[in-house]
Amino acid sequence: MIYAAITGWAKCLPPAILTNADLSSFLDTDDEWITSRTGMKERRISHVPLSTLGHVAACRALAAAGKTAAEVDVIIFGTTTPDQICPNTSSHVQKLLNAQNAACMDLNSACTSFLYSLSVATSLIKTSVFNNALVIGGEVISPLIDWNNRNVAILFGDGAAAFYLEASDEKEGLLAEELGCFADVRDILSVHGWGSIYANRGFHLGYTEWQFEGQEIFRKAVNGMTRATEKVLQKSHITANDIDLVVPHQANARIINAVAERINIPMDKVFVNVHRYGNMSAATVPVAMVEALEEGRILPYNNILTPAFGGGLTWCAHFLKWGERVKPLDEADIELPPCDKSALELVEEMKLAKEIGIHNATHPMFKPN
């Protein structure tokens with residue numbers, strides 16, 4: 001039987017850090033209010049497009065796997081904030097990598113986009129459509145945030161991570177998953193002004209209005225992630241005691257704690273970095289997995305569980321068996337372009353652009369190479 005082993009991994013985080021103190025400079029909030037409700041202390045704000053973050057993460061993941069761009073069969077970019085709808089962002093990553101042999105697709109299921117992409121990539125490898133896949137999860141959500149909405153502005157950040165998967169005879173990689181959606185409540189987490197139905201209706205690019213019903217999102221997220229976890233454990237014929245590490249979607253510390261309690265997993269088996277980056281949507285799980293590897297929290301042959309939820313309201317849980325190697329084979333000599341502004345300065349520029357109605361596409365960061 002063919003499996004899809006994870007042999008390369010890497011992250012790319014923009015350097016500009018937006019702290020709770022920065023947010024309190026223009027919102028009616030403070031560090032205690034944000035921390036007590038979300039567990040977040042800071043988040044990253046990107047000075048470059050998503051494709052640039054994805055490219056750097058991809059280069060690093062390929063180096064970690066000991067592979068070249070020419071060897072990549074397919075690039076799947078999980079994101080809900082692509083650089084452009086057409087052409088897709090994965091094709092720009094292909095161009096930047098010079099991965100001329102790679103097919104390209106973007107996948108959007110909001111915060112679950114990376115994990116859904118991991119399912120697609122694994123299936124394509126297991127059915128011998130491709131021998132390998134480069135799977136990227138990333139977001140540059142900051143230009144689309146309603147920075148005047150306290151309930152939204154404190155939550156989200158930018159970032160990306162990439163994983164390289166390749167065919168293997170060893171029983172490792174993604175072994176089972178459960179995917180689902182509570183479409184009947186899809187409007188409790190929705191962004192108005194972000195899509196073709198808003199064209200010519202008074203919305204300029206970058207202006208959004210967020211519908212974010214926090215209490216109902218909390219309830220549905222916990223229920224969905226718990227349901228998915230229970231089903232994926234049943235499929236895998238294991239129990240919660242067999243899980244070595246849970247790497248959940250980092251949407252909110254309270255959600256993470258509630259899911260861990262529901263599935264009877266102690267918090268010392270749960271990896272949490274929401275305090276460092278906030279909710280990076282599709283990037284949260286892959287970035288957290290990379291950091292778990294960097295911190296020695298993932299060991300050879302560990303059993304890993306990754307429950308998540310996202311707008312839609314999508315939910316899922318994935319069961320992975322890690323392989324033998326937990327260290328990169330090599331490192332890529334690539335960095336992001338330098339950033340000469342603070343995160344607060346970047347946010348103030350975005351706010352100003354929205355206030356005076358400037359089309360955000362005129363900003364240099366929104367001009368793909």
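For the charges discussed in this tour, Lys and Arg count as positive and Asp and Glu as negative, while His and the chain ends are not counted. The place of a charge is taken as NZ of Lys, CZ of Arg, CG of Asp or CD of Glu. On this basis the protein has 30 positive and 42 negative charges, and their mean positions are 4 Å apart.

The model is predicted: local features need pLDDT of at least 70, side-chain atom pairs count only at pLDDT 80 or more, and totals for chains, interfaces and linings use all residues. Residues are numbered from 1 along each chain as its sequence is written, and side-chain values use heavy atoms, with hydrogens and water left out.

**The whole protein**

Along the principal axes, the C-alpha atoms fill a box of roughly 60 × 45 × 35 Å.

Of the 369 residues, 59% are buried. Buried means under 20% relative accessible area, exposed over 50%, and partly exposed in between (1.4 Å probe, protein chains only).

**Ser-51**

Next, select Ser-51 in helix α3, residues 50-65. This serine is buried, at 0% relative accessible area. Its side chain forms a polar contact of 2.9 Å with that of His-92; such a contact is a pair of N or O atoms within 3.5 Å, and within protein one must be able to donate a hydrogen and the other to accept it, with residues adjacent in sequence counting only if both atoms are side-chain atoms. Beyond its neighbours within four places in sequence, Ser-51 is in contact (heavy atoms within 4.5 Å) with residues including Asp-83, Thr-89 and Leu-96.

**Two cis peptide bonds**

Move to Pro-87, in the loop between β4 (74-78) and α4 (89-97). The peptide bond from Cys-86 to Pro-87 is cis, with omega near 0°. Then select Leu-313, in the loop between β12 (303-310) and β13 (314-321); the bond joining Gly-312 to Leu-313 is cis, with omega near 0°.

Finally, is His-237 buried or exposed? At 74% relative accessibility, His-237 is exposed, and its phi is positive, about 60°, although it is not a glycine. Ser-281 has a positive phi near 55°, but is buried at 3% relative accessible area.

Technical notes. Helix = DSSP H or I, 4+ residues; strand = E, 2+ residues; numbered from the N terminus.
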